[in-house]
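I opened my notebook on this one with a friendly plan: go chain by chain, then look at the contacts. Here is what I looked up.

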Amino acid sequence: MSDSVTFKLDGRDVAVPKGWTVMQAARRENVHIPHFCYHDGLSVAGVCRFCMVKVEGRPKMEIACNLLATEGMVVETTSDDVKQAHKWGLEFHLVNHPLDCPICDQAGECELQNSYMKVGKYKSEMHRPKVLKPKNLDVGSQLILDTERCILCSRCVRFEEEVTKTNGLGIFDRGDRAIIGTYAEEKIEHNYQENLVDICPVGAFTSKEFRFKQRVWFLEEKDSICNGCSTGCHISMHGKSNELRYYRVKPKHSAVNGHWMCDEGRHSYRYLNPEERLSRWWYKDNMNERIAGGKDEGLSILARKLKDTNIDEIALLVSAHQTNEEYEALLAYFVKELGISKVYQWRQDHEDINAFDGILLRGDRNPNTLGLQNALTKFGLKAEVKNEFEKCLLSGAKVVIALCPESPQSFPELKEHLAKLSEMPFVSAWSAHYLPEEIETISHTVPLKGFVEKRGSFTNHEGNIGELSDPFPAVIHGAVDVCEMIESLRELMG
Amino acid sequence: MAVFTPQIEEKIEHYLQRYETRRSAILPILHVIQDEYGWIKDEHIKELDEKFQLHRVHVQEVATFYSMYRLKEPKKFRILFCDNVVCCIMGAKQTMAKVQEYIVAYEKAGKDCPFSLEGVPCLGVCDGAPAMLINKDRHLKINPDNVAEYMERYAPLP
Amino acid sequence: MGDTITKVKILTQYEGMSNSRSLSTYKEHGGYEALAVALKKSPDEIVSIVKDSGLRGRGGAGFPTGLKWSFVPKTEGKKYLLCNNDEGEPGTFKDRYILELSPHMLIEGMIISAFAVGAQKGYVYTRCEFFDEIKWLDDAIKEAYEAGYLGKNILGLGFDFDLDQYQGAGAYICGEETGLISSLEGKKGQPKLKPPFPAVSGYLGCPTVVNNTETLSAVPWIVKNGSDAYRAIGTEKSPGTKLFSISGPLKNPGVFEVPLGYPMMKLVEEDAGGLLEGEELKAIIPGGLSAPVLLPEDVKDLTLDYEAIAASKSMLGSGAITIIPKRQCMVELLKLIMDFYHHESCGQCTPCREGTGWITNILEGFFDKSATVDDIDQIYAICQQMAGRTICALSDAAMPTVGIINKFRDELVSYIERGTERERFSYI
């Protein structure tokens, strides 16, 4: 017996694995069947009744999301009666929807709005007063809920039940009085709240973080890999390159993270914006005064320092936040070409590397632990994950090149570590993040590009390679990545 | 102070064991609580969650979905008057107006009226229309002329 | 037919007996004899008998009972038999009458049916407001356990069956079989998506049969007297007797057991004693609130069987006959009907949740004089798009509305044109 079935979808033969629904088939084939409650990452609820299709020989229209594709079945998604059903399906959703799009954050990425355009239901049939419900409710540290905008698709309830298993949301009461909410005035506390904003097809859930900051149609989206932990969720960064600002992070569907990502990961954008970034090259001038200077001067000071120092007294302190390509360039130059042997791993003091929250977030809060291990092994260095920060401090090195972790939210000891480093004779801290007091006492700094500003890859906890393929221009003028640094140093050192 | 009396806790435990799943016991347990305390309070739902592992969202969904559960402090006598088709044909609305008059008269006497009135869908006794329940007592063939007599049996006008 | 119809008493055989609810009375008149017969046969034989009898579901849909039973997979494992005793269809009060007369008939019917479908556990889901009836059934279940009709090794014939009663909490939708299952699972009584069907995956995901009280109560008689005896009653396609609950301005409203195919006007005029003095017939709702209304000329020669009523574009439904008198305003009636569905929509499916509210909302305009004749067409259009588009049949509530518009459009139009002010009651 064959494991696939072939059926006709709008006159075209489509073969899909047995057990697939017409909705799944249509999504793969890019046939758009309008829907609200269906979501690829959740169980089928079949309640919005929007995805009506016609099956030849059956009296009633059926919903594509719960319709098993069977051999020889003939399905229509665009006939006049189906279109009529879609128009009405939409109309029913609009009956009590407030239509406050001009002040709604969801505008521009609202499935109700999109359907309105696609289905073409321009004239409202509803002339009576609407049902009013509570608005602007604080239901979580990241969430605002407007129950009037809610179309009761139950995606959020299913997410709470099936993904986080917290059951934080329910639909209370019944009929058109039904209302989404938490119990009493409880707040949703978990680390996956913003997924509720993502899956909400309308503007019922909006993100406290993003609310009223930006109209979504002004945002550019570029794909990247989250640097918050070793899971390496596929993401897209939303920002405006003309403003040199990032606004938010959204998960991208992939085998690594499914449809979701954690809130902590989403907050990485905060540390990429200019005010959080190391923006200057700091070093001491001829008068031994610390100044913020230019790239050329900064580079030549570092090159001179390296030249003047015995190879045995140079150390590398490397966090697991850089890309595979950067480790390759770094180690190829310092270890293979220059023969440096003091290479130390820089990790969190109190990490539980094997911790896992059961959904996505891992105790290893570094995006590229495995990538760094692979690179170390390749260049003949010991490969065992451990924090060698203290060891580096006690190494007696006269010059330390420190590749800093990128954000303090995944590296709570960053401040403290930098303070300790500033006591060493000469440290060149290569960092994207700016910690004014600490950074400014360090002998030499190099402003690095953020992870969404460079090309390269991270190797996640299970060896999956995530590509950083579509960078934003750096929001810091003169920021470099490690590869560019090595190239410049190689030139200067001759 | 304990939220439930030991007797009620025992009944709750009984229902939790009685069905295939603990969740199945939510409806019967809410009936037990309402029979005992008159209505279902937030503290009851919290206690069911914390002490008996019935998720508060699940309990609240049930408590708000079904129309017989009371989530506000009730009057002593809850009148559920059928206002569906048959009872209305037989004069339910006119009779309910009389119930309302009785309540107003009670309040005018400066007393807190012990009755509340709600219209409810068919009570399944259309052969005795119009029909009403006062708490759990069923009364049939109620009309504008005799409804006050029924109410007086529970609480005569002061 | 006419006067020659002999009324066989099956469900109402204990009518008029003192202590009819007690086990002793029930046994004295042949109760639990069918059980002994059944348990000596094979489950398949029982299914065949019920199939051959032509018994159809008495809850409203009229689906052949034996056929429904045959959908249950023959696999090992937990199976459930649920009795839908959530009588909530307005105008219906027949199941209540069975509990009032002979709860043991239901219990016996359930044991036999459970044996037929291989269920080890049964629940009777009874509507909340039947406080007395719940007690009567609980008492009867207790008696049956004590007498060895329920529990392990029933009558020493090797069949185990446990039965329990579950009280609803006020939701019409729990009379829908999957809504009932959700409720029994301790959830909101929201109907479940089909497929899967309950016979395959019902209560807690196990194969489950849901039958109406009246259906199950007919099973002992059928098993005892044979399918031919049952088929000899009623019509060819609608065999057997049925309980009709008839109400409205009648001299003798109540529950009557008559053979299917019985003339409707005979039931109205003779059994129910005809209309009260001064009342005149305007219309009849033949099968519970969701059945489209019929005019006097439609029912003049109408017989009470599934086919005849369907042919008149309404339905037999639960057998609830509601008499609408001449004085009844049809706009008021329409509003009462839609208020009910609006109140009872579970809110899960959008077309029903929003549609019932929307129609009620438009109907408000009839009373505040803002309605126009176009509103009638709009209600009609909304109904067309609601019906058949949802998980369960509650959105078919549109049907009685369409029925009223079809038959009483002139009255609705003149109501709008007159701008009638509705009598307002302060209780709301």
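**Ground rules.** For my counts, helices (H or I, at least four residues) and strands (E, at least two) are DSSP runs, numbered from the N terminus. The model is predicted, so I kept in mind that local features need pLDDT of at least 70, that side-chain atom pairs count only at pLDDT 80 or more, and that totals for chains, interfaces and linings use all residues. Residues are numbered from 1 along each chain as its sequence is written, while chains are lettered from A and ligands numbered from 1 in the order in which they are written.

**Chain C, overall.** I found 17 helices and 11 strands in chain C. Its C-alpha atoms fill a box of roughly 75 × 50 × 40 Å along the principal axes. I then checked the radius of gyration, taken over C-alpha atoms, against the globule rule of 2.2 Å times the number of residues to the power 0.38. For 428 residues a compact globule would come near 22 Å, and chain C agrees with 22 Å. I call a residue buried if 20 or more other C-beta atoms lie within 10 Å of its own, exposed if 12 or fewer, and partly exposed in between, with C-beta atoms placed from the backbone. On that count, 59% of the 428 residues in chain C are buried. Two residues are in contact if their C-beta atoms, placed from the backbone, lie within 7 Å. Of the contacts in chain C between residues at least 6 apart in sequence, 71% join residues at least 24 apart.

**A helix pair in chain C.** How do α16(C) and α17(C) pack? Helix α16 (residues 373-386) and helix α17 (residues 398-418) of chain C make an angle of about 175°, with axes 10 Å apart. The axes are lines fitted to C-alpha atoms over the stretch in contact, and angles run from 0 to 180 degrees between N-to-C directions. Angles over 145 degrees count as roughly antiparallel, and α16(C) and α17(C) are therefore roughly antiparallel to each other. Among the residues that meet are Ile376(C) and Tyr380(C) from α16(C), and Ile405(C) and Arg409(C) from α17(C). I sorted Ala, Val, Leu, Ile, Met, Phe, Trp, Tyr, Cys and Pro as nonpolar, Asp, Glu, Lys and Arg as charged, and the others, Gly among them, as polar. This contact then divides into 12 nonpolar residues, one polar and one charged.

**Chain A.** Chain A comes to 13 helices and 22 strands. Its C-alpha atoms take a box of roughly 85 × 55 × 40 Å along the principal axes, and 48% of its 494 residues count as buried. I also stopped at His259(A), in the loop between β13 (245-251) and α6 (263-266) of chain A. Is His259(A) buried or partly exposed? It is partly exposed, with 17 other C-beta atoms within 10 Å. Beyond neighbours within four places in sequence, His259(A) is in contact with Asp40(A), Gly41(A), Pro251(A) and His253(A). His259(A) and Asp198(A) are 61 residues apart in sequence and 9.5 Å apart in space, C-alpha to C-alpha.

**Between chains.** The contact of chains B and C takes 39 residues from chain B and 45 residues from chain C. On the chain B side, α6(B) gives the most, five residues. That side divides into 25 nonpolar, eight polar and six charged residues.

Terms used
Angles under 35 degrees count as roughly parallel, over 145 as roughly antiparallel, 65 to 115 as roughly perpendicular and the rest as oblique.
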